[in-house]
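Here's a quick briefing to read alongside the model. Have the viewer open and follow along.

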Amino acid sequence: MAEYKVEYQDAGESLEVSDKHTILRGCLRDGIAQEYSCRVGMCLACCAEIVQGEVVQPAAHALTKEERERYALTCMARPQSDLILKRGIYPPSIELDQLKE
Ligand code: FES
């Protein structure tokens, strides 16, 4: 088991998260205000942009395969390296014009 540093860029917050646990679990443990709702990878409420680093998130069903490279669903994502994230950044597929197509 490895521990990684997860830093929220612009928020000045960071935490340590094991590669066996989700980022959201660590946020809840440490009192970090990461938004969430469903906690099962379906709603995107917990999404964060990956500025640097890697996660594994096979059950992030709300993201496309390409989006999983750039965004983390923190309720599903487990760190595989130190991470820098931006909270509240969502993939283009959530934009209204994308939903009309
Ligand atoms: S809380 Fe819904 S996708 Fe993470």
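**Overall size and make-up**

With 101 residues, a compact globule would have a radius of gyration near 13 Å, and the protein has 13 Å, so the two agree (the radius is taken over C-alpha atoms, and the globule rule is 2.2 Å times the number of residues to the power 0.38). Keep in mind that this is a predicted model, where local features need pLDDT of at least 70, side-chain atom pairs count only at pLDDT 80 or more, and totals for chains, interfaces and linings use all residues. Residues are numbered from 1 along each chain as its sequence is written, and side-chain values use heavy atoms, with hydrogens and water left out.

**Whole-chain numbers**

- The C-alpha trace spans about 40 × 25 × 25 Å along its principal axes.
- Of the 101 residues, 38% count as buried (buried is under 20% relative accessible area, exposed over 50%, partly exposed in between, with a 1.4 Å probe and protein chains only).
- Carbon and sulfur atoms hold 47% of an accessible surface of about 5,800 Å² (Shrake-Rupley method, 1.4 Å probe).
- Among contacts with a separation of 6 or more, 52% come from residues 24 or more positions apart (a contact is heavy atoms within 4.5 Å).
- There are 12 positive and 17 negative side chains, and the centres of the two sets lie 5 Å apart (Lys and Arg are positive, Asp and Glu negative, with His and the chain ends not counted; charges are placed at NZ of Lys, CZ of Arg, CG of Asp or CD of Glu).

**Fold and strand pairing**

- You'll find 3 helices and 7 strands, in the order β-β-α-β-β-α-β-β-β-α (DSSP runs, with helices H or I of at least four residues and strands E of at least two, numbered from the N terminus).
- Strands β1 (residues 3-8) and β2 (residues 13-18) run antiparallel, joined by 6 bridges (strands pair if DSSP finds at least two bridges between them).
- Tyrosine 8 sits opposite glutamate 13 in β2.

- Lysine 86 belongs to strand β7 (residues 83-87).
- Its relative accessibility is 27%, so lysine 86 counts as partly exposed.
- Beyond its neighbours within four places in sequence, lysine 86 touches Gln9, Asp10, Ala48, Glu49 and Val51.
- Glycine 26 is 60 residues from lysine 86 in sequence and 16 Å away in space, C-alpha to C-alpha.
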